[in-house]
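The sequence and the structure are shown first, and the description comes after them.

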Amino acid sequence: MRASIHPPYGPVVFRDRAAGYAFLTRSTLSATAGERTTEWEDGRTYPVVDVEISDVSHPFYTGTARVLDTAGRVERFERRYGKRGGS
């Protein structure tokens, strides 16, 4: 790997403030996290990136996603506009 073309890659904490959840991983965003830091469970200080949504607060993962009734929509469309024969 050429050293001059890759962004710095290091540990960073991603924090979902809406859910009160954070996780430590490695990312190239550590250099762009700015001056915001947090102390992690191991006692070290890491840069922190606040995210809007994570697997803890996303509706798909939490089971609060809405299931669309597509069959009901088709029936309602057919009642409203009627079935039109093509021959």
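The sections below describe the fold, the sheet, the salt bridges and the aromatic residues.

## Overall fold

The structure is a predicted model. Its secondary structure comes to 2 helices and 4 strands. Along the sequence, these elements follow the pattern β-β-β-β-α-α. The chain has 87 residues, and buried residues make up 17% of them.

## The sheet

The 4 strands form an open sheet with mixed pairing, in the order β2-β1-β4-β3. At the edges are β2, residues 21-27, and β3, residues 37-39, each of which pairs on one side only. From one strand to the next, the twist averages 45°. In general terms, the strands of a sheet pair through backbone hydrogen bonds, and the pairing is either parallel or antiparallel.

Each pairing in the sheet can be taken in turn. Strand β1, residues 10-16, pairs with β2 in the antiparallel sense over 7 bridges. Within this pairing, P11 has R26 of β2 as its bridge partner. Strands β1 and β4 pair in the parallel sense, over 4 bridges, and here D16 stands opposite V51 in β4. Strands β3 and β4 pair in the antiparallel sense over 3 bridges, with T38 standing opposite Y46 in β4. The hairpin of β3 and β4 has 5 residues between the strands, and in this hairpin G43 takes a positive phi near 90°.

## Salt bridges

Side chains of opposite charge can pair when their charged atoms come close. In this model the count comes to 2 salt bridges. One of them joins D50 and R15, whose closest N and O atoms are 2.7 Å apart. This pair links distant parts of the chain: D50 belongs to strand β4, residues 45-51, while R15 belongs to strand β1, and 35 residues separate the two.

A salt bridge also forms between R36 and D50, with the closest N and O atoms 3.2 Å apart. R36 lies in the loop between β2 and β3, whereas D50 lies in strand β4, so this pair ties together parts of the chain that are 14 residues apart in sequence. Together, R15, R36 and D50 are linked in a network of salt bridges. How exposed are the residues of this network? D50 has a relative accessibility of 28% and counts as partly exposed. R15 is partly exposed as well, with a relative accessible area of 24%, and R36 is partly exposed at 43% relative accessibility.

## Aromatic pairs

A pair of aromatic rings is described by the distance of the centres and the angle of the planes. The model contains 3 aromatic pairs. In one of them, Y21 and F23 form a tilted pair, at 6.0 Å centre to centre and with 35° between the planes. Y21 is partly exposed at 31% relative accessibility, and F23 is partly exposed with a relative accessible area of 31%. Ring pairs also bring in F14, linking F14, Y21 and F23 into a cluster.

Another tilted pair is formed by F77 and Y81, at 4.9 Å centre to centre and with 50° between the planes. Both residues lie in helix α2, residues 70-81, where they are 4 residues apart, about one turn of the helix. Y81 counts as partly exposed, at 44% relative accessibility.

V56 is found in the loop between β4 and α1, the latter covering residues 59-62. Its relative accessibility is 35%, and V56 therefore counts as partly exposed.

Which residues are linked in a network of salt bridges? They are R15, R36 and D50. Which residues do ring pairs link into a cluster? The cluster consists of F14, Y21 and F23.

Definitions and conventions
Residues numbered from 1 in each chain as written. Predicted model: local features only at pLDDT ≥ 70, side-chain atom pairs only at ≥ 80, totals over all residues. Heavy atoms only, no water. Pairing = 2+ DSSP bridges. Axes fitted to C-alpha atoms, helices over the stretch in contact; angles between N-to-C directions. Salt bridge = Lys/Arg side-chain N within 4 Å of Asp/Glu carboxyl O. Buried < 20%, exposed > 50% of the residue type's maximum accessible area, 1.4 Å probe, protein only. Phe/Tyr/Trp six-rings, centres within 6.5 Å; stacked < 30°, edge-to-face > 60°.
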